[in-house]
Amino acid sequence: MGRWKVSWTEQEVEKLKLLAGTMPLSLIAKELDRTTGAVLAKATAENLTIIVHTRSGRA
């Protein structure tokens with residue numbers, strides 16, 4: 001079952017800050033057990049840079 005509006009813990013935010021800019025969005029999402037949309041939204045809220053790969057290989 002999917003998660004719905006689950007609050008981010010301090011530990012999750014710290015891990016996101018460590019991983020942002022070092023690995024692609026999809027891998028960060030797997031690492032945090034979050035959807036890519038949730039990770040991207042939180043990263044945007046925290047002003048973090050996220051690597052996003054598209055199928056064409058262009059960001």
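The following legends describe close-up views of a predicted model.

Local features are reported only at pLDDT of at least 70 and side-chain atom pairs only at pLDDT 80 or more, whereas totals for chains, interfaces and linings use all residues. Residues are numbered from 1 along each chain as its sequence is written, and side-chain values use heavy atoms, with hydrogens and water left out.

**View 1. The protein has three helices and zero strands.** Helices (H or I, at least four residues) and strands (E, at least two) are DSSP runs, numbered from the N terminus. Along the sequence the pattern is α-α-α. Of the 59 residues, 25% count as buried; buried means under 20% relative accessible area, exposed over 50%, and partly exposed in between (1.4 Å probe, protein chains only). Among contacts (heavy atoms within 4.5 Å) between residues at least 6 apart in sequence, 54% join residues at least 24 apart.

**View 2. Helix H1 spans residues 10-19 and has the buried residues Glu 12, Val 13, Leu 16 and Leu 19.** These residues cover an arc of only 130° around the axis, which puts them on the same side of H1; the arc is that of the directions from the helix axis to the C-beta atoms. Helix H2 (25-32) and helix H3 (36-45) are included in what covers the buried residues of H1. On the face turned away from the buried side lie the exposed residues Glu 10, Gln 11 and Leu 18. Gly 21, which follows H1, has a positive phi, near 85°.

**View 3. The axes of H1 and H2 come within 11 Å and cross at roughly 155°.** H1 is therefore roughly antiparallel to H2. Axes are lines fitted to C-alpha atoms, for helices over the stretch in contact, and angles run from 0 to 180 degrees between N-to-C directions. Angles under 35 degrees count as roughly parallel, over 145 as roughly antiparallel, 65 to 115 as roughly perpendicular and the rest as oblique. The crossing of H1 and H2 is right-handed, a term for a near helix turned clockwise from the far one by less than a right angle (left-handed if anticlockwise). Glu 12, Lys 15, Leu 16 and Leu 19 of H1 make the contact with Ile 28, Glu 31 and Leu 32 of H2. By class, the residues of this contact are four nonpolar, no polar and three charged. Ala, Val, Leu, Ile, Met, Phe, Trp, Tyr, Cys and Pro count as nonpolar, Asp, Glu, Lys and Arg as charged, and the others, Gly among them, as polar.

**View 4. In helix H2, Leu 25, Ile 28, Ala 29 and Leu 32 are buried.** Seen down the axis of H2, the buried residues fall within an arc of 100°, so they line one face of the helix. Their packing partners are H1 and H3. After H2 comes Asp 33, whose phi is positive, near 55°.

**View 5. H2 and H3 pack at an angle of about 100°, with their axes 9 Å apart.** The two helices are therefore roughly perpendicular to each other. From H2, the contact involves Leu 25, Ser 26, Ile 28, Ala 29 and Leu 32, and from H3, Thr 36, Val 39 and Leu 40. The contact of H2 with H3 has six nonpolar, two polar and no charged residues.

**View 6. Gly 37 is located in helix H3.** Gly 37 is partly exposed, its relative accessible area being 45%. Between Gly 37 and Leu 25 the C-alpha to C-alpha distance is 9.2 Å, and the two residues are 12 residues apart in sequence.
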